[in-house]
Amino acid sequence: MPRPFHRDITFSIDGREVTAPENTILVDAAKYGDVEIPVFCYEPKLGQPVGACRMCLVEIEGIPKLQTACSTPVKDGMVVHTLTDRVKEAQNAVVEFLLINHPLDCPVCDKGGECPLQDISFGWGAGVSRFIEPKRHFEKPLSLSPLVAIDRERCILCYRCVRFSQEVAEDYQLVFEERGAHTYVSTFNGHPYVAPFSGNIIELCPVGALTSKPYRFRARPWDIEQAGSVCTLCPSQCNVSFTVRDDRVLRVLARDHKEVDDGWLCDKGRFAYQAIHADERITRPMIRDGGELREVSWDRALDEAAAALGRARGKVAAVVGGQTSNEEGHLLSHLVRDVLGSSDVESRVAGAPSAELRVALDHPDLQATVPDIEFAHAVLVIDAEPVDDMPIIDLRIRKGVRRNHVKLGVATSRPSSLDPNASAVARFAPGAGEAFLAALNAALGGGGVLSELAEAAGTTEQAVRDVAALFDATDLVILYGERLLSGPRADQTARALLNVAGKSFERGRDGAGLMEIPAGTNSRGLREVGCVSDRSPAEIAEAAAGGDLTALYLLHTDPLVDLAGEWEPALDRATTVIAHSMFLTPGIAEHATIVFPAESWAEREGTVTHPDGRLQRLRAGIGRPGDVRACWQTLAELSKRLGADISILTGSMATAQMAEHVPIYAGITHDELGGQGVRWQERDAASAYPGDVDFGPFGLEAPPVRPRPSGSELQFATFRSIWGGPEVAASPALQFLRSRPRVLLSPADAQRLELFDGLAATVAPDGREAVEATVHVRDAVPEGSAFLESDVAGVVGTAGIRKAEAAVVV
């Protein structure tokens with residue numbers, strides 16, 4: 001549906017004439033006149049108000065009874081009173097009622113000092129208590145989950161946490177048990193509340209009933225300060241506020257940005273901050289000496305790195321991780337290309353389309369924004385699982401379907417958590433994204449035999465037609481995973497996607513377009529600052545293993561963990577491996593010759609680019625521990641020692657130089673970005689984007705038909721969970737969620753292979769080392785396919801699966 005149009009109206013509140021958009025909820029409209037109406041249960045992000053707490057009662061002329069301001073839309077000429085005796089009496093009564101059973105334990109409550117109940121009791125309560133009877137008591141505190149503690153005595157039954165669970169995250173785990181004064185929050189089945197977004201209920205709670213277990217009793221509000229920045233643990237790039245005490249991050253809160261995150265955080269972004277202060281973190285430069293990595297001074301490490309890179313001129317390759325900032329990517333590209341005379345600087349996880357096709361896919365006329373997902377007529381998700389790849393987008397899709405009746409289509413190999421919300425669901429074989437897009441193009445009248453293409457994709461003709469029916473919508477947003485456009489046939493897949501997009505929406509139409517769900521946090525920004533090469537990561541690995549490349553520069557990445565390809569022999573053969581990292585991950589610990597300590601996401605300064613093109617500013621919230629230096633500073637110093645002094649002394653100077661060399665970012669400054677960022681497509685500099693672009697339609701080659709496996713072999717693909725990554729592994733609070741190998745099978749395949757849920761199995765992908773994984777049998781998994789949770793996502797092929805030797809139930 002299109003974004004709602006509001007006309008301004010005028011109403012009166014406490015004698016003031018106020019102008020606000022028509023039908024705005026009165027609580028929000030009153031703020032236009034600088035009038036505060038107290039609330040507990042009302043939270044706009046949760047959807048339709050419920051009027052549960054009655055704290056917001058006001059008097060409206062023409063209506064005999066007091067009305068709840070949280071559920072009353074304003075109309076032209078409305079006259080509202082919030083200060084009459086009737087209103088004050090009602091507000092005093094509600095506060096008194098809430099405090100009847102609420103314990104007076106503010107001095108030991110984590111919410112004390114930042115508690116809405118304290119503020120409202122002081123501002124709108126009577127100030128005295130008439131209640132002398134015993135209060136109700138519950139056992140406390142209880143673990144609602146390993147991350148959330150609940151004190152049921154403090155709960156005021158505002159419904160916020162239950163509504164979040166049921167209407168936002170849609171995990172349906174939280175409910176109210178019992179009745180009356182004995183009512184309390186619990187989980188539906190009595191199990192711990194474990195879900196990707198469970199931590200949001202802590203921030204939603206208006207009292208101290210729900211508290212963060214890692215933060216509990218760590219600080220008081222007057223001991224701390226808030227530092228705003230951006231979370232770089234996934235492509236969602238949520239705006240966050242770090243709670244800092246004594247230069248340590250103690251908590252992470254959401255910093256509401258309607259264009260990016262809608263004010264929500266996933267539990268990884270909320271709780272993985274513990275990795276910042278982990279004992280395992282690298283805080284000094286290291287050099288391999290006698291086969292061991294040993295700490296050294298910065299001068300020695302820089303001298304050794306500059307000398308090694310100098311000896312390898314023309315034979316250096318850089319692999320750039322997704323958390324790298326735009327400035328770091330630009331400076332590394334300058335170092336490798338301009339100073340060392342090499343062309344291999346790569347940030348993509350696998351093979352990618354040609355530059356011409358990438359320019360078409362990223363063209364401003366084809367770009368959707370995050371809010372477009374919420375207001376489109378239809379959304380199609382292709383070869384991506386948002387809850388793992390870009391979690392906050394999962395919530396935005398659910399919001400659009402629930403509130404605005406957006407039609408959702410899901411076309412993936414692996415079953416999606418969005419399947420129950422979808423109007424159309426299509427399953428295709430692992431790695432058959434090109435064939436599915438070709439079939440969809442045929443269903444939309446683009447040529448080709450639909451039945452043959454559907455068969456090549458491993459799906460049905462009817463499933464393709466069901467997805468094609470979504471294209472009747474006026475505004476359609478297509479979300480596609482970056483790995484859809486990887487592999488040797490990336491160009492053919494990109495052409496098929498552009499053909500489908502051309503039949504979906506008019507170029508330049510607001511409210512419709514494409515959005516990539518990238519594999520790395522800043523994948524789009526790194527492409528745009530030039531961290532792309534003619535060789536894919538696998539080809540770089542092959543060249544290094546063959547001796548054509550002698551030095552590898554690893555910036556915020558470990559190829560053994562993050563990338564597909566034969567990286568073990570490449571790292572073995574390279575004479576120099578320089579890495580920037582927070583932790584000694586397997587590949588770095590085994591192969592790096594020089595290791596520079598990397599900043600955490602709470603210590604960095606620079607910019608990142610959201611998948612929809614919004615540049616956002618990273619701000620340092622705390623100082624760097626030990627001898628950690630800014631990455632841009634290290635890269636600038638290496639350039640200087642190699643004879644190319646670029647004279648960068650501050651983070652803002654690094655941003656200015658990056659903007660000078662990237663035409664579409666021209667003139668961008670930290671001040672312009674501010675706290676909200678800006679989409680580069682909406683700036684004048686966007687005119688520098690290439691104009692001569694071929695959008696198709698293209699003639700499509702017949703996609704290859706994947707061979708059907710037999711016996712114990714299944715079609716196979718790997719995926720990376722939201723809980724993957726070294727930050728989760730280094731955070732004590734998230735250990736129970738830490739990613740571990742598991743293989744998803746259909747009931748029919750499990751029965752045929754004599755495997756059952758929880759059993760240990762050996763998964764032997766073709767051409768790769770076998771791994772042991774726990775079997776998870778799921779009804780939604782298509783027969784003949786298997787999906788392995790792994791650090792390296794996007795590996796496809798066939799795999800033999802059998803019961804592990806001495807298999808045990810996990």
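Helices here are DSSP runs of H or I with at least four residues, strands are E runs of at least two, and both are numbered from the N terminus. The model is a predicted one, with local features needing pLDDT of at least 70 and side-chain atom pairs counting only at pLDDT 80 or more, while totals for chains, interfaces and linings use all residues. Residue numbers start from 1 along each chain as its sequence is written, and side-chain values rest on heavy atoms, with hydrogens and water left out.

Helix 8 is a handy place to start. Running over residues 326-339, helix 8 has 14 residues and spans 19 Å from first C-alpha to last, close to the 20 Å expected at 1.5 Å a residue (the expected span being 1.5 Å times one less than the number of residues). Twelve of those 14 residues are buried, so helix 8 is largely enclosed by the rest of the structure. Buried means under 20% relative accessible area, exposed means over 50%, and partly exposed is in between (1.4 Å probe, protein chains only). Among the buried residues are N326, H330, L335 and V339. After the helix comes G341, with a positive phi near 70 degrees.

Next, a pair of helices. The axes of helix 7 (residues 298-311) and helix 22 (residues 631-641) come within 9 Å and cross at roughly 60 degrees; axes are lines fitted to C-alpha atoms, for helices over the stretch in contact, and angles run from 0 to 180 degrees between N-to-C directions. That makes helix 7 oblique to helix 22 (under 35 degrees counts as roughly parallel, over 145 as roughly antiparallel, 65 to 115 as roughly perpendicular, and the rest as oblique). On the helix 7 side, the contact (heavy atoms within 4.5 Å) includes W298, D299 and L309, and on the helix 22 side T634, E637, L638 and R641 take part.

Two cis peptide bonds turn up in loops. One joins K140 and P141, with omega about -15 degrees, and P141 sits in the loop between helix 3 and strand 6 (142-143). Another joins G696 and P697, with omega about 5 degrees; P697 is in the loop between strand 28 (678-679) and strand 29 (713-719).

N23, at about 70 degrees, lies in the loop between strand 2 (16-21) and helix 1 (26-30) and is partly exposed, at 36% relative accessible area. D34 has a phi of about 60 degrees and belongs to the loop between helix 1 and strand 3 (57-60); D34 is exposed, at 66%.
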